[in-house]
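Please look over the sequence and the model shown here, and then read the report that follows, which takes up one topic under each heading.

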Amino acid sequence: MVSIVRKAALWAAVSTSVLLAPHAVLAETIFGAMAKAYANNPDLNAARAGLRATDEGVPIAKAGYRPQISASATGTLTRLDQEKSRAQDLHAGQVGISITQTIFDGFQTLNNVRAAQADVFSSRETLKANEIQILLSAAQSYANIARDQQVVSIRRQNLAFLREQLSAAQARLEVGEGTRTDVSQAEAELANAQSLLVAAIAQLKQSEAVYVQIVGAAPTGIRQPGPATKAMPRSLDQAVATGLRENPQILAAQYAVDSAGYQVKSAEGTMLPGVVLQGAVTRNTGNAGQGLDDTTASVTARLEVPIYQGGAEYGQIRQAKEILGQQRILVDSARASVQQTVVSAHAQLESALARIKASRSQIAAANLALEGVVEERKVGQRTTLDVLISQQDVLDAQESLAGAQRDAVVASYALLAAMGHLTVRSQGLQVAEYRAEEHYEAVKDKWFGLRTVDGR
C-alpha cells in the first residue's frame, strides 16, 4: 500500500513538472509587465476616454463661429358660429426658416477656442503623467513579487536548516552530549521560522493580487530584475534639469495657465459690443383675412452694446483672474514637487545600490561565521543557541539583499518617472503607443454627427 502511494505521489510530481515546463517559455519580464499594464489597465483607459471627451471641447467652442439655423411651423384653425347662418372654419398656417450668424462677439469665441485647445494640450500631458504612473506601478509590483519570492525561498531554506539543527540537537541529547535546553531552543526557533514563512507567503499573495490589478494578467515566471538602464541620467543635476523641462505634470500646469489666460480675455469680451446678422424667410397660407398666400424675407443686423448686466460680468472677470493666478502658483508647486521627487529617487537609488554591495559582503561573512560556529559546536566550544544566532544573521542579510534589490529597481524607475522619461518609447516596450492626436484631428473641425470616432 505504501509503495502504491509513493508511486502515485511520484507520478503526480512528474505530471506537474511536465505541465509547468512550458511556462518557463512564458516567463514575464519587467518590460512585458509594463507593456501589458499600458494596454490593459482600466484606470489608464478611463483617462484616455476622458481626454477624448476634452477634445470635444474644441468643436463645441468653435460653434460660436458657425451659423445657427432653425425652422418653425405653426397652424391655426378657427371656427366661427354666426346666428342664422352656418358655421365657418378659418385656417391659417406659417412655415419659416431663420439663420443667425454672429459677426463679432468681443473675441469671446476666439478666446474660448484657444482655451479649449490649451485644455486639450494640458489633458494630454495629464494623460502622459497617468501613463508614467501606471508604468511605474507595474514595475514596482513586478519588483515586489520578485522580492517576496526570494524571501519565501530564503525562509524555506532557513526552515530546512533549522529542522536539521533540531534533529542534531535531539541526537546529541540521546547520546548525552547535549541538553534539553538546546532542543527547546531549536524547537522555538523552528516554530518561529514556520510563522515567518506563512507571513512571507501571505505577503507574496498580496503582491500578486496588486500585480493582477495593475497589469491585468496573472504573474508568470517572475525573475529578479535589474535597475533601469535606458534613458538614465548621468548625474543628479541632469536629472533635475530634465525633470523641470519634461515632466508632464509641469507641462500640464503650464498649459492650464494658458487656458486660464484665454478665459480671462473671454470674460472681458462680455464688456465689448457685439454684432449679429439674422435672416429669415416665412411662408403664410390660409383662408383667414384676405385668404392670400404670401412669402416674406428679411435680413436684420443688430448691434448690441452692453452697458450694465447686473454686475455679473465684473465678478466673472475677477474670478477668471484669480483662477489664472492660482494656475501660475500651481506651476511653481509642480516644479518644487518634481525637483523633490527627482532628488529623493536619486538618493534612494544610490542608497539601494550601496546596500546591495554591503548586503552581499554581509552574506559572505555571515555564512563563513555560521560554518565556523557549527564546527566549533561539534567540538563543544559553541552551543546550539550560538548556531541559531549565526543562522539568524545569515537570514537577515539575505532578506536585506532582497529588499535592497527591490528598492534599487523601484528607485531607478521612479527617477525615470520623475524626469518624464518612463514612456513606451524610451523603454522600447512592445506595445502600440496610444496616439492622442489622432482623435483630436478627427473631431476638431466637425460640424455635425452623433457617432464617435470609433462608431459608437
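## Packing around helix 2

The buried residues of helix 2 pack against helix 3 (42–55), helix 5, helix 6 (180–215), helix 10 (384–419) and helix 11 (424–427), where a contact means heavy atoms within 4.5 Å. Helix 2 itself covers residues 30–40, and its buried residues are Ile30, Gly32, Ala33, Met34, Ala35, Ala37 and Tyr38. Buried here means under 20% relative accessible area, while exposed means over 50% and partly exposed lies in between, with a 1.4 Å probe and protein chains only. Helices (H or I, at least four residues) and strands (E, at least two) are DSSP runs, numbered from the N terminus.

## Basis of the model

This is a predicted model, in which local features need pLDDT of at least 70 and side-chain atom pairs count only at pLDDT 80 or more, whereas totals for chains, interfaces and linings use all residues. Residues are numbered from 1 along each chain as its sequence is written, and side-chain values use heavy atoms, with hydrogens and water left out.

## Overall form

The protein chain has 12 helices and four strands. Its radius of gyration is 38 Å, well over the 23 Å that the globule rule gives for 456 residues, so the chain is more spread out than a compact globule; the radius is taken over C-alpha atoms, and the rule is 2.2 Å times the number of residues to the power 0.38. The C-alpha trace spans about 140 × 65 × 40 Å along its principal axes.

Of the 456 residues in the protein chain, 35% are buried. Among the contacts between residues at least 6 apart in sequence, 81% join residues at least 24 apart.

## Aromatic pairs

Two aromatic pairs are found in the structure. Rings of Phe, Tyr and Trp (its six-membered ring) pair if their centres lie within 6.5 Å, and planes under 30 degrees apart count as stacked, over 60 as edge-to-face and the rest as tilted. One of the pairs joins Phe104 and Phe107, which are edge-to-face at 5.0 Å centre to centre, with 90° between the planes. Phe104 is partly exposed at 28% relative accessibility, and Phe107 is also partly exposed, at 47%.

In the pair of Phe121 and Tyr255, the ring centres are 5.5 Å apart and the planes stand at 50°, so this pair is tilted. Because Phe121 lies in helix 5 (residues 108–174) and Tyr255 in helix 8 (residues 248–268), the pair ties together parts that are 134 residues apart in sequence. Phe121 is partly exposed, with a relative accessible area of 31%, and Tyr255 is partly exposed at 29%.
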